[in-house]
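Let's take a friendly walk through this model, one element at a time. Have the viewer ready and follow along.

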Amino acid sequence: MTTATDLETQPAPGPEAQPSAADLDARDPLRRYRDLFVGADDPALPAYLDGNSLGRPVKALAERYRRFVDDEWGGRLIRGWDETWLRKPFALGDRIGAATLGAAPGQTVVADSTTVSLYKLLRAALDARPGRHEIVIDRSNFPTDRYVVEGVAAETGSTVRWLEPDAAGGVTADDVRAVLGPETAVLVLSQVAYRSGHLADVPGITRLAHEHGALVLWDLCHSAGAVPIELDAWEVDLATGCTYKYLNGGPGSPAFVYVNRALLDGLRQPIQGWMGERTPFEMGQDYRPADGIRRFLSGTPPITGMIAIEAMLELIEEAGMPAIRAKSEALTAFAVRRIDEQLVPLGVELTSPRNPAARGSHVTIDHPAFPAMVPELWEQGVIPDFRRPTGIRLGFSPLSTSFAEVALGIGAIEERLQHS
Ligand SMILES: *Cc1c(COP(=O)(O)O)cnc(C)c1O
């Protein structure tokens, strides 16, 4: 298998002889996957660099949606629930767990949004640590994570303990060690920081928290499908993440929720709905939480939002996470090289880790001209994300992003900076 390191070191006799984007694409062992996505060859959209916010649809989806409408929904109607849909949140959860999370069956379910899942998991974790009153989170975490933590703290009389990591980095084991204590109940952290791309030491931080009797809730939105994850082996307590980013589930597709088997039967989540009850169709008077991961369901699962995730998972299962991670590292390494050569001399700053092993599948760059530039780039079909106050985030979805797209995107930014 070709690794990221091979791709970077193969020719390179001197700094001027770096491989071109075309060479890297020609040698990319995953290059055939790009053609399986809608819009990959659209001339009006030469560089889509935001697959980490919304992945492209898999081409085979149109036929799958048609079959779903005609046969499953239209043909089976209400019978579909008993025949397939009631099992789907668990079957799909197990499949996401096996392909991307390192999670054995029975611990992952697909439901709700990441925001709602964060709320449910955080409340459950706090209840499991009675007498402890601190929730730890970082100021650089995604807004929804911070808002949910503040809301739960207000609701439960807990205190928020804020970490303040470096803008180009993220939360480290040392940061966590400095705040852990007998009051710490739960830490809410992202494996990959949504702005800088910093890749956190999940096993190390989880171990530290456990040594202090605390639980950790990991947000995997920017990591599932892009970086290696071993939730069981790392003894992670709780995790959740989006499926519309690197799992290409489509706008608003539901989140996945992971609860470690060792904790499952001791946890109660706060949104007690009939789908998490032991015998939903008995329609009983009293709520008794179901055994296993089903107690983390609340209402009727969003089946239509799960179809696209299945189509993407097939590709991820086939390509394998090691090859996906190798391509991702090669893409970010190539981007950083081009940023150093073409953009840093124009005053651009790299606000992401320099070591490919220390970041996820995106990099962020900052320059005061970027707020005005992003709408112009979008106009020409070069689509990165803008991140306040002055950041452009370049996200690479390993199965659908080409090296040529990365080169084109960075070239477009260079050209605009030269003429601004
Ligand atoms: C994208 C993202 C979310 C989004 O949550 P939704 O409930 O799907 O809107 C949450 N957390 C992180 C870290 C994200 O990157």
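How many bridges join S10 to strand S13? Keep in mind as you look that this is a predicted model. There are 5 bridges between S10 and S13 (residues 391–395), and the two strands run antiparallel.

Now look at the side chains of S10 itself. His362, Thr364 and Asp366 point one way from the strand, while Val363 and Ile365 point the other way, and all are buried. With 5 of the 5 residues of S10 (residues 362–366) buried, the strand is largely enclosed by the rest of the structure.

Next, turn to a pair of helices. Two packed helices are described by the angle between their axes and the distance between the axes. For H6 (residues 114–127) and H7 (residues 143–156), the axes come within 10 Å and cross at roughly 40 degrees. The two helices are therefore oblique to each other, and H6 passes H7 in a right-handed crossing. Residues making the contact include Leu118, Leu122 and Leu126 of H6, and Val148, Val149 and Val152 of H7.

Among the buried residues of H14 are Phe403, Val406, Ile410, Ile413 and Leu417, along with Glu405.

Definitions and conventions
Residues are numbered from 1 along each chain as its sequence is written. This is a predicted model: local features need pLDDT of at least 70, side-chain atom pairs count only at pLDDT 80 or more; totals for chains, interfaces and linings use all residues. Side-chain values use heavy atoms; hydrogens and water are left out. Buried means under 20% relative accessible area, exposed over 50%, partly exposed in between (1.4 Å probe, protein chains only). Helices (H or I, at least four residues) and strands (E, at least two) are DSSP runs, numbered from the N terminus. Two strands pair if DSSP finds at least two bridges between them. Axes are lines fitted to C-alpha atoms, for helices over the stretch in contact, and angles run from 0 to 180 degrees between N-to-C directions. Angles under 35 degrees count as roughly parallel, over 145 as roughly antiparallel, 65 to 115 as roughly perpendicular and the rest as oblique. A crossing is left-handed if the near helix is turned anticlockwise from the far one by less than a right angle, and right-handed if clockwise. Contact means heavy atoms within 4.5 Å.
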